[in-house]
Amino acid sequence: MAAAQGQFSDHSNGTEGTGSAEGGSVPSAFRTAVEALRSARLRPGIEIEPTPPPKRLAPYAYALEAAVVDGEDDLADGRLILLHDPAGHEAWQGVFRLVTLVRAELEPEMAADPLLPEVCWSWLTGALEARGLSYGEAGGTVTRAGSYYFGGLAERRPATQIEIRASWTPREGRAGVPDTAAHLAAWCDLLCQIAGLPPATPGPLQGPAEAGSGAGVVSLPQRRGPQAS
């Protein structure tokens with residue numbers, strides 16, 4: 001499957017580029033980090049595509065929106081944003097930052113677990129650690145919200161949605177660029193876990209897709225995606 005074709009966004013001057021190698025306004029470290037995201041090969045069942053990034057969080061930003069799909073049902077969805085500030089950011093303790101929102105509807109038995117927020121947070125940290133990723137300054141929230149239906153909707157059963165909002169600083173590797181492909185794969189592991197799918201065995205993240213291999217970055221159907229802030 002084809003890799004994502006997205007846009008680099010230089011919000012320091014309000015302009016956007018096509019993501020080509022032409023033009024010197026976008027730092028090479030950011031270009032390399034984004035290209036790794038665009039070329040990552042992910043497990044089947046995940047549909048993912050670029051989405052417009054926020055404009056006020058960092059001078060440079062790139063965002064992906066994803067859903068775990070079973071037939072026509074979305075089991076979980078989320079957004080992952082890569083931020084870059086070449087001057088560094090005191091709160092990040094680095095020049096790159098990953099920001100995410102992940103959400104899913106839960107089965108009643110799971111939703112009733114009093115330890116659910118702690119468990120969901122451990123899914124995030126565990127997904128990063130399972131792929132051997134170093135990170136710092138992690139923080140976030142886990143929110144559990146219940147919906148109850150009345151009147152003409154009374155036949156619907158109560159529903160509970162879990163939402164994880166988090167951010168962390170990926171440790172930089174060669175040439176000051178973090179392994180964003182591995183962080184994306186770990187994030188997809190989290191997305192699948194919150195959707196109720198079994199863990200995937202870590203494998204190759206980049207390179208041309210082979211027959212029967214994991215899905216690439218493909219287009220989502222028209223749908224209203226989550227909003228990360």
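Visitor: How many helices and strands does the protein have?
Guide: This is a predicted model, and in it the protein has 4 helices and 8 strands.

Visitor: And what pattern do they follow along the sequence?
Guide: Reading along the sequence, you get β-β-α-β-β-β-β-α-α-β-β-α.

Visitor: OK, how much of the protein counts as buried?
Guide: Of its 229 residues, 45% count as buried.

Visitor: Let's go inside, then. How many residues are in the largest nonpolar core?
Guide: That core has 48 residues. The ones with the most contacts inside it are F30, I48, L82, L184, W187, L190 and I194.

Visitor: Which helices and strands supply at least two residues of this core?
Guide: On the helix side there are α1 (28–39), α3 (116–130) and α4. Among the strands, you have β3 (46–51), β4 (60–70), β5, β6 and β8 (159–170).

Visitor: Where does the largest share come from?
Guide: From α4, which gives 10 residues to this core. Apart from that core lies another one, of 7 residues, including A61, A63, W92 and V99.

Visitor: Tell me about α4. What does it look like?
Guide: Helix α4 covers residues 180–194, so 15 residues. From its first C-alpha to its last it reaches 21 Å, close to the 21 Å expected at 1.5 Å a residue.

Visitor: Why is α4 described as largely enclosed by the rest of the structure?
Guide: Because 14 of its 15 residues are buried.

Visitor: Can we pick a residue in it? What does L184 touch?
Guide: Skipping its neighbours within four places in sequence, L184 is in contact with L37, A40, L42, I48, L64 and L80.

Visitor: And T180, is that one buried or exposed?
Guide: T180, also found in helix α4, is buried, with a relative accessible area of 2%.

Visitor: What does the side chain of T180 reach?
Guide: The side chain of T180 reaches the backbone oxygen of A33 at 2.7 Å. Not counting residues up to four places away in sequence, T180 touches A33, A36, L37 and L82.

Visitor: What happens just after α4?
Guide: There you find G196, which takes a positive phi of about 95°.

Visitor: Which residues other than glycine have a positive phi?
Guide: Q93 is one of them, with a phi near 60°. E137 is another example, at about 50°.

Visitor: Where do those two sit?
Guide: Q93 lies in the loop between β5 (73–89) and β6 (94–106). E137 is found in strand β7, which runs over residues 135–147.

Visitor: Switching to β5: what about D77, buried or exposed?
Guide: D77 lies in strand β5 and counts as buried, at 8% relative accessibility.

Visitor: Which side chain does D77 join up with?
Guide: That would be R103: a polar contact of 2.9 Å joins the side chains of D77 and R103.

Visitor: Last one. What share of the contacts comes from residues 24 or more positions apart?
Guide: Counting contacts with a separation of 6 or more, residues 24 or more positions apart account for 69%.

Conventions. Residues are numbered from 1 along each chain as its sequence is written. This is a predicted model: local features need pLDDT of at least 70, side-chain atom pairs count only at pLDDT 80 or more; totals for chains, interfaces and linings use all residues. Side-chain values use heavy atoms; hydrogens and water are left out. The expected span of a helix is 1.5 Å times one less than its number of residues. Buried means under 20% relative accessible area, exposed over 50%, partly exposed in between (1.4 Å probe, protein chains only). A polar contact is a pair of N or O atoms within 3.5 Å; within protein, one must be able to donate a hydrogen and the other to accept it, and residues adjacent in sequence count only if both atoms are side-chain atoms. A nonpolar core is a set of buried Ala, Val, Leu, Ile, Met, Phe, Trp, Tyr and Cys residues joined through side-chain atoms within 4.5 Å. Contact means heavy atoms within 4.5 Å.
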